[in-house]
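Please look over the sequence and the model below before reading on. The report is written for someone meeting this structure for the first time.

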Amino acid sequence: MTDASAPTHYRLMTSLKAIGPYLREGECQAGKYWFDCLSVCVDDKKSPELREFWGWWLDLTKVENDFVANYTLGQYDEKGDWLEVAMSVKAKKEVERTLEEFHEKLVKVLSGHYDYSLSLHKNSVDTV
C-alpha cells in the first residue's frame with residue numbers, strides 16, 4: 001500500500017472502533033493502537049467498582065506498511081491496571097476465545113478494508 005492510498009489515522013480509528021468496545025482511544029496515536037478486553041470476572045460477589053477481570057490487551061503497531069500485534073493475557077485489577085499473571089485453565093480458555101474472535105475481526109478490517117497484513121510480535125501470546 002502506498003502512502004497516498006493509506007487511510008488517515010482518524011479513518012483507521014473509525015474502522016477499529018467498529019470492531020467492538022475494545023479500542024482505548026485515549027491511549028492511541030498515529031501508528032500505535034491499544035485495545036483491551038475484560039473477558040471473565042474474577043469474583044462477581046465483589047461490588048462492581050471493586051471487581052477484577054481476566055482478559056487480554058493488545059499493542060498494535062504500524063511497522064512500515066503493515067501491522068504487528070502484541071497480545072498479552074492477564075488480570076485487570078481494581079485499580080484499573082493490567083497485570084501479567086497466571087489464570088485458571090477455565091478462565092484462560094474463555095479469554096483465549098474472546099481474543100481469537102477479536103483477532104479475526106481485526107484481520108478482516110486491516111486486510112479487507114486497507115490491504116494491510118498483520119503479524120504477531122515475538123513476545124505475543126500464541127493463541128491466534
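What follows describes a stretch of the chain and then its cysteines.

## The model and the segment after strand 5

The structure shown here is a predicted model, and every value below is computed from it. Strand 5 covers residues 118-120, and V125 lies in the segment after that strand; N123 also lies in the segment after strand 5.

N123 counts as exposed, because its relative accessibility is 54% and the exposed class begins over 50%. When neighbours within four places in sequence are left aside, N123 is in contact with N70 and Y71. The C-alpha atoms of N123 and N70 are separated by 6.6 Å, although these residues are 53 residues apart along the chain.

V125, with its neighbours within four places in sequence likewise set aside, is in contact with Y71, T72, L73, L99 and L120. The C-alpha atoms of V125 and D59, which are 66 residues apart along the chain, are separated by 12 Å.

## Cysteines and disulfides

A disulfide is a covalent bond joining the sulfur atoms of two cysteines. The count of disulfides in this model comes to 0, where a pair of cysteine sulfur atoms would have to lie within 2.5 Å to be included.

For C28, the closest cysteine sulfur is that of C37, and at 15 Å it is too far for a bond; C28 is buried, with a relative accessible area of 14%. For C41, the closest cysteine sulfur is again in C37, at a distance of 13 Å, which is too far for a bond, and C41 counts as partly exposed at 27% relative accessibility.

Technical notes. Residues numbered from 1 in each chain as written. Predicted model: local features only at pLDDT ≥ 70, side-chain atom pairs only at ≥ 80, totals over all residues. Heavy atoms only, no water. Helix = DSSP H or I, 4+ residues; strand = E, 2+ residues; numbered from the N terminus. Contact = heavy atoms within 4.5 Å. Buried < 20%, exposed > 50% of the residue type's maximum accessible area, 1.4 Å probe, protein only.
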